[in-house]
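Please look over the sequence and the model below.

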Amino acid sequence: MELQRQNLKTTSPLSLGRFHISEDYGFLLPNPLKELPDHYRPWMEIADKLPELIENHQLRVQVSEMPLLNCQFLKGYRERRLAHLVLSFITMGYVWQEGEAQPAEVLPRNLALPFVEVSRDLGLPPILVHADLVLTNWTTRNSERNLDTIFSFPGGESLRGFVLVTVLVEKAAVPGIKALVQAVNAMLQLSQDSLLQALQQLKLSIQDITRTLGQMHDNVDPDIFYAVIRIFLSGWKDNPAMPVGLIYEGVSTEPLKYSGGSAAQSTVLHAFDEFLGIRHSKESGDFLLNMRDYMPPSHKAFIEAIQSAPSLRDHVLSSGNGPLLTAYNQCVQALAELRSYHITMVTKYLITSAAKAKGRKLSHLPGPPQALEDRGTGGTSVLIFLKSVRNKTLEAILSQSG
């Protein structure tokens, strides 16, 4: 059995280009489009005014007057990604315009049909995913250093900060993704020096991700995130506010269920976990595996390519190379520290904010959401999940002796 598994291991060099991953931007879509062909102006006009339409309770009215547009005039991958972004934003606003007490039960056909069509073309689900909210929803103003979002929800500067800090986190991961490719190829070429150098670079990249994540504190107000932004990232699977799901009119007479946007849909940590050989508990592992279906198929294929590459853990253990073992453990330790930091972040933005929102009604904000109180927008019991994932990461550290 072990022999058969070995035969399945890939021996061809790994490259980012094969998986539509950018050398400069990683999993981010490089220089995303901001305009669709004129045919789709009715979508764009609504998407551009989304925060005001939602706040004035006018979005559902506007969508009801929207023409049913065909996706045949979308040319190429980048226009389809922008269309998915536009339709996902309109969909989340439509469903949650009146808050969790009155979610829409039916997505009207003039929104549902094109959204499902473009989703099928891209291999993505018809709901807002990380690939929309973050990977396709950024642009530069004036200079490379001046980032902005393309579309927004209510939440003002905090919403903008949440998206753009996450964009910067994806950018901070780029050297780590490149190091991972270098490391896989170093193992194939039996180059211990190149492998050691790659592991050292990976550790630095993970530490940089953690530092970058810290910018949330300066850019996102926890109360606004909890009471205003979060609901627009919430899905209709494992969500008590929408227990049966959502009917996509003209697509299915039965309600469909999809998880909301989640950091677990970012390909970065999946790739690092596979490379470092980190094994999660069944429940957490099943959720993470499910989240791969919310990624662009080429990114999911990248994770699978790492999975079928030679095992780094086995290589380090059999090499008897002390510096390699140390470098491997430092990568695992850095990843565990990133996950611990994520736990403190979620505690601040979710658990503490929930307690504060219960204690007082913030006059300028809607009533706090109840249904997802201790859950992530992906639908998991968030702290239990994050602690399990962090603890399993720590268990991967290899013994220095022997």
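Val-167 counts as buried, because its relative accessibility is 3% and the cut-off for buried is under 20%. As in the rest of this report, the value comes from a predicted model. Val-167 has its place in helix α8. Leaving out residues up to four places away in sequence, Val-167 touches Leu-28, Val-134, Trp-138 and Leu-147.

Is Leu-168 buried, exposed or partly exposed? Its relative accessible area is 31%, so Leu-168 is partly exposed. Not counting residues up to four places away in sequence, Leu-168 touches Leu-147, Thr-212 and Gln-215. Of these, Thr-212 is 44 residues away from Leu-168 in sequence, and the C-alpha atoms of the two are 6.8 Å apart in space.

**Two helix pairs**

Helix α2 (residues 41-48) and helix α5 (residues 76-96) have axes that come within 10 Å and cross at roughly 55 degrees. The two helices are therefore oblique to each other. Their crossing is left-handed. On the α2 side, the contact is made by Trp-43, Met-44, Ile-46 and Ala-47, and on the α5 side by Ala-83, Val-86, Leu-87 and Ile-90. Sorted by class, this contact has eight nonpolar residues, no polar ones and no charged ones.

Helix α13 (residues 267-276) packs against helix α15 (residues 297-307) at an angle of about 10 degrees, and their axes are 8 Å apart. This pair is therefore roughly parallel. Here Thr-267, His-270, Ala-271, Glu-274 and Phe-275 of α13 meet His-299, Phe-302, Ile-303, Ile-306 and Gln-307 of α15. The classes in this contact are five nonpolar, four polar and one charged.

**The nonpolar core**

In soluble globular proteins, nonpolar side chains tend to be buried together. In this model, the largest nonpolar core has 134 residues. Those with the most contacts inside this core are Trp-43, Phe-153, Trp-236, Phe-275, Leu-276 and Phe-302. Helix α17 (residues 322-359) gives the largest share of the core, 15 residues.

Phe-275 is in contact with Leu-180, Ala-183, Val-184, Met-187, Leu-199, Leu-202, Ile-306 and Leu-312, when its neighbours within four places in sequence are left aside.

Helix α17 also holds Asn-329. With a relative accessible area of 8%, Asn-329 is buried. Leaving aside neighbours within four places in sequence, Asn-329 is in contact with Ile-397, Leu-398 and Gln-400.

Most residues other than glycine have a negative phi.

| Residue | Phi | Loop | Relative accessible area |
|---|---|---|---|
| Leu-190 | about 55 degrees | between α9 (174-188) and α10 (192-213) | 66% |

Definitions and conventions
Residues numbered from 1 in each chain as written. Predicted model: local features only at pLDDT ≥ 70, side-chain atom pairs only at ≥ 80, totals over all residues. Heavy atoms only, no water. Axes fitted to C-alpha atoms, helices over the stretch in contact; angles between N-to-C directions. Helix = DSSP H or I, 4+ residues; strand = E, 2+ residues; numbered from the N terminus. Parallel < 35°, antiparallel > 145°, perpendicular 65-115°, else oblique. Left-handed = near helix turned anticlockwise from the far one by under 90°. Contact = heavy atoms within 4.5 Å. Nonpolar A, V, L, I, M, F, W, Y, C, P; charged D, E, K, R; others polar. Core = buried A, V, L, I, M, F, W, Y, C linked by side-chain atoms within 4.5 Å. Buried < 20%, exposed > 50% of the residue type's maximum accessible area, 1.4 Å probe, protein only.
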